[in-house]
Amino acid sequence: MQRHEQYGPQEELPLSEFIDGVPGETARSAVAVGTLNAAAKDIIEGAFIPLWVRGEINDFKAHRNGHWYFCLRDSRAQVRCVVWSSDQRRFPAPPDDGMQVAAFGRLTVYAARGEMQFTITRIEAEGDGLRRKALEITRARLEKDGLLASERKRPLPRFPRVIAVVTSPEGAALHDIVAVMRRRSANVRLVVVPAAVQGDTAPEELCYALDQVNRWGGADLAIVARGGGSREDLWAFNNERVARAVAACGVPTISAVGHEIDLSICDLVADHRAPTPSAAAETATSSRAELETHLRKLSLRVSGAARALIRDRADTLRHLSRDVAGAVEGQISTQRATLQSVAGRLNALSPVATLARGYAIARAEDGGTLSSIDAFRDGQHFDLVVRDGTVPARVDGASRPSARAGA
Amino acid sequence: MTTFEQRLARLETIAGELEGDGVDLARALALFEEGVQNLRAAADELAAAEARVQRLIERADGSFDVIDRE
């Protein structure tokens with residue numbers, strides 16, 4: 001089966017066919033099969049302008065050669081159909097058997113096989129079935145690869161300085177984003193990375209723009225945005241490749257496609273979903289005043305904490321020194337008491353106390369105590385120390401007591 | 001290069017640690033000093049930022065240019 005069929009080698013009609021009048025009128029003027037089919041092709045293809053045909057999809061086959069083959073049928077008849085691979089990118093998804101569709105195409109004849117086929121370029125499935133199916137398929141594939149997981153979501157920078165805006169440079173989305181930024185006097189550089197946001201080339205251009213954001217590396221946040229539009233207008237943002245490009249973006253992403261009610265696959269993959277481009281701008285750009293307030297709060301926290309900490313340490317020190325002083329004082333009074341008792345005991349042993357009790361000490365002139373009879377020589381001068389003074393004295397015959405004697 | 005966000009995050013950490021129990025004084029002073037440096041740098045960065053709308057241009061050699069849009 002070939003994409004562009006020809007009439008087949010156009011044989012020259014044998015002259016004999018004209019001799020006997022209208023070709024094919026008699027056995028002698030029989031036309032070749034190729035001639036018949038070529039004529040049929042001319043007539044049929046000339047008779048129909050492209051048109052919509054409704055019916056049920058049946059016997060769908062995606063052939064190895066890339067083309068889709070199926071029948072379109074109703075209760076009375078069926079027609080063979082083909083969708084060339086080059087036309088398939090307009091289709092959100094291949095149709096399924098049993099789907100009720102309206103198909104747009106032209107009736108063609110495949111002369112080589114004598115077959116009539118409806119060559120389809122668009123299909124509208126009942127209840128937007130193809131888009132629903134496409135969304136489900138894409139979503140399931142992304143989910144399988146973990147691209148929709150909430151753990152994947154990156155936090156947005158508090159203060160992005162350079163925001164890449166992937167959108168149409170002429171679109172309403174960019175206009176809205178710039179307006180919000182101006183109004184909030186957010187100190188931010190917006191760098192527009194142009195891409196078509198609708199039409200056949202949109203998915204490719206969006207992927208390319210996101211890739212540029214990565215290769216450039218100058219942004220710290222990317223917004224993928226498009227203003228409101230029909231479901232078909234927004235369809236590029238449900239493209240799996242676009243979704244994967246958003247997921248692969250090196251910086252956190254905000255998806256802002258259409259209005260609040262439009263949820264796209266890009267919204268699911270992006271780190272943050274904004275209901276509108278304006279909302280994306282609001283989310284992305286804290287105003288300068290907000291950031292200044294935030295910094296001031298942090299400053300107060302740091303200095304407050306440091307001050308509190310130092311005050312706390314000073315208190316501790318004060319308490320500690322008080323405790324130490326108390327302890328030392330206690331120690332001192334204990335020792336004083338000990339000292340007093342020792343002093344008392346010492347006092348009891350002191351010779352002064354002995355004198356007080358009426359004893360006397362004999363002291364030699366050199367200050368030594370004369371405590372034995374042997375220390376005295378006759379006529380020696382010495383002092384007699386009594387309780388309240390000293391009496392000069394002289395030895396007048398010392399003798400060892402024979403029995404018992406006083407001093 | 002330290003980003004603004006990293007500075008803010010560091011400041012949160014420093015404030016948290018300073019507010020917590022059992023920071024020794026030398027550590028506290030070091031944290032405080034680091035905090036002050038971060039605050040100053042963040043404030044400078046904020047003051048230096050400017051609002052612009054530009055457009056990314058890719059040259060044939062794959063290098064990039066950012067040009068003012070208006």
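**Helix contacts, cores and aromatic pairs**

In chain A, helix α4(A) meets helix α8(A): Ala173(A), Asp176(A), Ile177(A), Val180(A) and Arg183(A) of α4(A) are in contact with Pro277(A), Ser278(A), Ala281(A) and Glu282(A) of α8(A). The residues of this contact comprise 5 nonpolar, 1 polar and 3 charged. Helix α4 covers residues 172–183 of chain A, and helix α8 covers residues 277–284 of chain A. Their axes come within 8 Å and cross at roughly 35°. The crossing of α4(A) and α8(A) is right-handed. The model described here is predicted.

Chain A has 407 residues, of which 37% count as buried. Its secondary structure consists of 10 helices and 13 strands. Of the chain A contacts between residues at least 6 apart in sequence, 61% join residues at least 24 apart. Chain B has 70 residues, and 30% of them count as buried. Chain B holds 2 helices and 2 strands. From the N terminus on, these elements follow the order α-α-β-β. For chain B, residues 24 or more positions apart account for 32% of the contacts with a separation of 6 or more.

The largest nonpolar core contains 38 residues. Within this core, Val166(A), Leu206(A), Val213(A), Phe237(A) and Val269(A) touch the most other members. Elements of chain A that give two or more residues to the core are strands β6 (162–167), β7 (189–194) and β8 (221–226), together with helices α5 (202–216), α6 (240–247) and α7 (265–269). The most comes from α5(A), with 7 residues. Leu206(A) illustrates the packing. Residues up to four places away in sequence aside, Leu206(A) touches Val166(A), Ala195(A), Ala196(A), Val197(A), Ala236(A), Phe237(A) and Val242(A). There is also a second, separate core of 23 residues. Its members include Ile163(A), Ala225(A) and Ala274(A), and also Val53(B) of chain B.

Leu142(A) lies in helix α3 (residues 129–144) of chain A. Its relative accessible area is 0%, so Leu142(A) is buried. Neighbours within four places in sequence aside, Leu142(A) is in contact with Leu147(A), Leu148(A), Glu240(A), Ala243(A), Arg244(A), Ile265(A) and Val269(A). One of these residues, Ile265(A), is 123 residues from Leu142(A) in sequence. The C-alpha atoms of Leu142(A) and Ile265(A) are 9.1 Å apart in space.

Aromatic pairs were counted next. Over all chains, the count comes to 5. Trp52(A) and Phe104(A) form a tilted pair, with 5.2 Å centre to centre and 50° between the planes. Trp52(A) lies in strand β1 (residues 51–62) of chain A, and Phe104(A) lies in strand β4 (residues 100–110) of chain A, so the pair ties together parts that are 52 residues apart in sequence. Trp52(A) is partly exposed at a relative accessible area of 39%. Phe104(A) also counts as partly exposed, with 25% relative accessibility.

Trp68(A) and Phe91(A) form an edge-to-face pair. Here the centres lie 5.4 Å apart, and the angle between the planes is 85°. Trp68(A) lies in strand β2 (residues 68–73) of chain A, whereas Phe91(A) lies in the loop between β3 (78–83) and β4 of chain A, so this pair ties together parts that are 23 residues apart in sequence. Both Trp68(A) and Phe91(A) are buried. With Phe60(A) and Phe70(A), Trp68(A) and Phe91(A) form one aromatic cluster.

Asp59(A) is placed in strand β1 of chain A. Its phi is near 60°, a positive value in a residue other than glycine. Asp59(A) is partly exposed, with a relative accessible area of 44%.

His294(A) is placed in helix α9 (residues 288–349) of chain A. Its relative accessibility is 17%; because buried means under 20%, His294(A) counts as buried. Neighbours within four places in sequence aside, His294(A) is in contact with Arg158(A) of chain A and with Leu8(B) and Glu12(B) of chain B.

Notes
Residues numbered from 1 in each chain as written. Chains lettered and ligands numbered in written order. Predicted model: local features only at pLDDT ≥ 70, side-chain atom pairs only at ≥ 80, totals over all residues. Heavy atoms only, no water. Core = buried A, V, L, I, M, F, W, Y, C linked by side-chain atoms within 4.5 Å. Buried < 20%, exposed > 50% of the residue type's maximum accessible area, 1.4 Å probe, protein only. Helix = DSSP H or I, 4+ residues; strand = E, 2+ residues; numbered from the N terminus. Contact = heavy atoms within 4.5 Å. Axes fitted to C-alpha atoms, helices over the stretch in contact; angles between N-to-C directions. Left-handed = near helix turned anticlockwise from the far one by under 90°. Nonpolar A, V, L, I, M, F, W, Y, C, P; charged D, E, K, R; others polar. Phe/Tyr/Trp six-rings, centres within 6.5 Å; stacked < 30°, edge-to-face > 60°.
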